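Visitor: Before we discuss details, may I see the sequence and the model side by side?

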Amino acid sequence: MKSYFYILFAAVMLTACGGDAKKKVFAPKDRTTSSMSNEDRIAAIEAKRQSLIPVSIDSLVVSHGVKFSILPPAVSENVPESASDKLTGKMIQIAAQNGIGGLCTNPVLAMVSKVDCIDRSLTGTAPQKAIVKYEVTIYCGNMATGDIYASSSQTVTGVGANFEDAASKAFNDLKNDNKMQQMLATASERALKWYNATGNVKSFVERAISKQDYALASALLSSVPQQSASFDYAVKKNEQVSDLMFQEKADALLAAMQNAISEGGDSAYNPQVGACLELIPQRSKAYPKAKKAYDAYVAKLDAAEKDRRNKEHMLAMKELEIQKIKAPFEAQAAIEEARAAASVKKDEVWAGALTSAAESIGNGMRGGIFGENGMFGKGGIFGMGTFAEPLSGFIGGLFD
């Protein structure tokens, strides 16, 4: 009986090996051969390089290109907070890779997502895993007109220890593919046409100023692309709007400036000092004190540092600090505008996506990086959220 078993076993093994004992089982192919053409290989390398490009929050804040408010989907049972944050982070990353800036600071243009959970199940084998599958549609559109400029859909799947883990991992699968790139290019082109009609920008800004909603006016003016016909108007008008916006906050800016001077010392120029001075309206009572403090501060710096202060990169650092101070005000104004735009429901799908995003983060209704402890939480010069440390840290660890 044992002999019969061994003979049968040997026959099975020979069959599994092709029935030829002399045939080599392991036959690696030459590494130099590839089915990819040179063009395909170059494209694959470029795609990989693009996927590894780090996201610079600073570059998004001061970008002079087309900007979209990238808004997170609402938190729900099917889309938990960590997954919503992950999806929004991926949208920010993909937008940056395609030369599009913006966080939540544009009251006209928005990039939002519609997430449909199409499968949610547990594996039947041990160790048991959770599986979540989504259909994700990214929309780019105009909140002022209700027009959807372009959209792109992908199906993503995540596997994790539980449903929240699986949901978060699913959005790692969102790709910057050709369809996504074409969609963003089309949306940017159509957005630029809106900005090129200078009457669109002017009427929006004047309407906001008439309501004394200076943050809303500033948000739109800051979003005007440099290549737009409205850019020169936006730069000049933004100076006037900024004075109106910070007139009541001049004393707080002076206090922040004095604090930056005391913390920075005399060894290196602190760009926040210059940013605060520039934002304090010259007609305010605080400005003479601020100018005197600034001049005294600069006089204490060593000669080399004084020279550096006037160089282009130092001016750029000051501009960055200015935008970081203004950004939370502009973001909150943009969110309120998104909520208002969603109520007009010119398009049910677009309105639904806007409502989901705007309601999710408006008035501290949301946790995570977009809630009370994130961009819109306490902190910054005016006790508001800031785009600096919390979002930078979030993006830095997002794609691990």
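**Rings, sheet and cysteines**

Visitor: Is Phe171 buried or exposed?
Guide: The relative accessible area of Phe171 is 0%. With a 1.4 Å probe and protein chains only, buried means under 20%, exposed over 50%, and partly exposed in between. Phe171 is therefore buried.

Visitor: What kind of model is this?
Guide: Residues are numbered from 1 along each chain as its sequence is written, and side-chain values use heavy atoms, with hydrogens and water left out. Local features need pLDDT of at least 70 and side-chain atom pairs count only at pLDDT 80 or more, while totals for chains, interfaces and linings use all residues, the model being predicted.

Visitor: Which class of aromatic pair do Tyr134 and Phe171 form?
Guide: Rings of Phe, Tyr and Trp (its six-membered ring) pair if their centres lie within 6.5 Å; planes under 30 degrees apart count as stacked, over 60 as edge-to-face and the rest as tilted. The structure holds four such pairs. For Tyr134 and Phe171 the centres are 4.8 Å apart and the planes make 20°, so the class is stacked.

Visitor: How many residues apart in sequence are the parts that this pair ties together?
Guide: Helices (H or I, at least four residues) and strands (E, at least two) are DSSP runs, numbered from the N terminus. Tyr134, buried at a relative accessible area of 0%, belongs to strand β3. Phe171 is in the loop between α5 and α6, so the separation of the parts tied together is 37 residues.

Visitor: Which class applies to the rings of Tyr269 and Tyr297?
Guide: Their centres are 6.1 Å apart and their planes meet at 35°. Tyr269 sits in the loop between α10 (250-264) and α11 (271-279), and Tyr297 in helix α12 (residues 286-300), 28 residues apart. Tyr269 is buried at 8% relative accessible area, as is Tyr297 at 2%. Because of the angle between its planes, the pair is tilted.

Visitor: Which are the edge strands of the sheet?
Guide: Two strands pair if DSSP finds at least two bridges between them. Four strands form an open sheet of mixed pairing in the order β1-β2-β3-β4. Each edge strand pairs on one side only, and these strands are β1 (69-70) and β4 (148-160).

Visitor: What is the bridge partner of Val112 in β3?
Guide: Strands β2 (residues 109-122) and β3 (residues 130-142) pair in the antiparallel sense over 13 bridges. Within β3, the bridge partner of Val112 is Tyr139.

Visitor: At about what angle to β4 does helix α6 run?
Guide: Axes are lines fitted to C-alpha atoms, for helices over the stretch in contact (heavy atoms within 4.5 Å), and angles run from 0 to 180 degrees between N-to-C directions. Helix α6 (residues 178-196) lies across β2, β3 and β4. Its angle to β4 is about 145°.

Visitor: Over which ring does the charged end of Arg120 sit?
Guide: A charge sits over a ring if NZ of Lys or CZ of Arg is within 6 Å of the ring centre and within 35 degrees of the ring normal. The charged end of Arg120 is 4.0 Å from the centre of the ring in question, that of Phe163.

Visitor: How many disulfides does the structure hold?
Guide: A disulfide is a pair of cysteine sulfur atoms within 2.5 Å. Cys140 is buried at 0% relative accessibility, and Cys276 is buried with a relative accessible area of 0%. The number of disulfides is zero.
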